[in-house]
Amino acid sequence: MITWRSCVFRRLGVKIFRKNTLLFALFWFGFWIFMSALMFVHRAIFSDYCTDENSKRILARVCDGYKEGILTGDLCEDLCVSKQVVYQRCLYYEKGKKVIQADWHGIPIILKSKLENFSSYDNFGMLDYQEMQDVSTMDIVFYAALEIKNSLGLELENTTVPKLWSKHLQGRVEPYSKAELVTMWSLLQQEEYTFFKILQDLSKHVVKILGSCGHFYAVEYLIAGHAWNQNLFSLEELFGSSVTGHNNRALKGAIHKIALSFLDMVKHFENDFSYHLHLCDIKPENFAIRKDLTVVAIDVDMAFFEPKMRDILQQNCTNDEDCNFFDCFSKCDMQTNKCGAKRINSNLQVICDKMFRHWFSPSLIGPRASLPLQVELQKAVQRCAVPTEYPDNKKDHRILFKQLYELLQVIQRQLQE
């Protein structure tokens, strides 16, 4: 009997041990899966998280490169030596693109770079097979113009290209140093930088570049838009507490003035350059306003002049949806299965859809504007915003633009009475 009981307990103990071992193994396996998933999510989502520590470390590497003579720029002394450029906070960081807010002599600025590290940009190819003294200014101009043609689709004259250089390099007669060449090349590889520099003296609707150090360039600090803001732009931040409340007359007048500036920008981008400029990512975050309520494009990663736009749109397709490139639409030719090179919607249509429809309702326009004007403006915005109703004829386009502009002017005058 004792032997039988001992055998039973021994077998029961083995079963319990095996069961516990199995549970323990399953626990560790589940824990390992959980931790692996957590690490994957962390790498996938939070690796690009915008932190002060990482941002300061990136700027420190820029200064190390400057002190070692690897890179240069007209902002480097203030950033790295005299410390007149003071870090404030990281605003944006995704796939290497870095946007940082800083103070320069007490004035807020924005530092930007397409890639995190200076070494991530392509080398200036001529330096691989030519001595520094053999690289002429005209060689640099030629390569710069070629790079701009590839990135923006623009042909530039030799007299235009030097405007892309930092102020202290413009008009230089003596040869450029290696640090100057590789620094200029890192900036030219950033389409946004070249876009802003080319249009600096040609447009009030693009942000101003203030200087650069290495691959980072500084632009003016402006009040940027945000989709979560009920007015899209923080007018309270711009004007202070004097403009508050949904029914404030100054607030309504400001919104109408911003809308008129959006229309001015549309007309300017369509008519005042050698080529039509297309905005393919229109949202509040990509625009800002100055103190005078001028609308300014601050993110032009998806802005293309006509030649580049045509190249982008001409893709293979099986239906019209395949021809939608963000906010720029084309149509699919079902016989050739190719998207048309011509954009079928417009900057105006997208701005009406994403900006104006958000603003113009009877409650916003208010009782001081007559009801017929309210209805007329809303109908005009609706016709402009809906792609199926958007007029393809240029004459109709001009009529609709003029109607919107005049309605906004009349209502703004009424609000000021």
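Reply: Two strands count as paired when DSSP finds at least two bridges between them. Helices (H or I, at least four residues) and strands (E, at least two) are DSSP runs, numbered from the N terminus. The model here is predicted, so local features need pLDDT of at least 70 and side-chain atom pairs pLDDT 80 or more, while totals for chains, interfaces and linings use all residues. Residues are numbered from 1 along each chain as its sequence is written, and side-chain values use heavy atoms, without hydrogens and water.

Me: How many bridges join strand 1 to strand 2?

Reply: Strands of a sheet pair through backbone hydrogen bonds, either parallel or antiparallel. Here strand 1 (residues 85-94) and strand 2 (residues 97-104) run antiparallel, joined by eight bridges. Tyr93 has Lys98 of strand 2 as its bridge partner. Two residues lie between the strands of this hairpin, and Lys95 takes a positive phi near 50 degrees.

Me: In what order do the three strands of the open sheet stand?

Reply: The order is 6-8-9, with antiparallel pairing. Strand 6 (223-224) and strand 9 (295-297) are the edges; each has a single partner strand, so one side of each lacks a neighbour in the sheet. Strand 6 is joined to strand 8 (residues 287-289) by two bridges, and Ala224 stands opposite Ala288 in strand 8.

Me: Is Ser55 buried or exposed?

Reply: Ser55, in helix 2 (residues 52-67), is buried at 0% relative accessibility. Buried means under 20% relative accessible area, exposed over 50%, and partly exposed in between (1.4 Å probe, protein chains only). Apart from neighbours within four places in sequence, Ser55 is in contact (heavy atoms within 4.5 Å) with Tyr87, Cys90, Lys98 and Ile100. The C-alpha atoms of Ser55 and Leu91 are 9.8 Å apart, with 36 residues of separation along the chain.

Me: How many salt bridges does the structure hold?

Reply: Side chains of opposite charge can pair when their charged atoms come close. The structure holds twelve salt bridges, each a side-chain nitrogen of Lys or Arg within 4 Å of a carboxyl oxygen of Asp or Glu. One of them joins Arg61 to Glu116, with the closest N and O atoms 2.8 Å apart. Arg61 is in helix 2 and Glu116 in the loop between strand 3 (107-113) and helix 4 (137-152), 55 residues apart. Arg61 is partly exposed at 35%, whereas Glu116 is buried at 17%.

Me: Which residues are linked with Lys97 in a network of salt bridges?

Reply: Asp299 and Asp301 are linked with Lys97 in that network.
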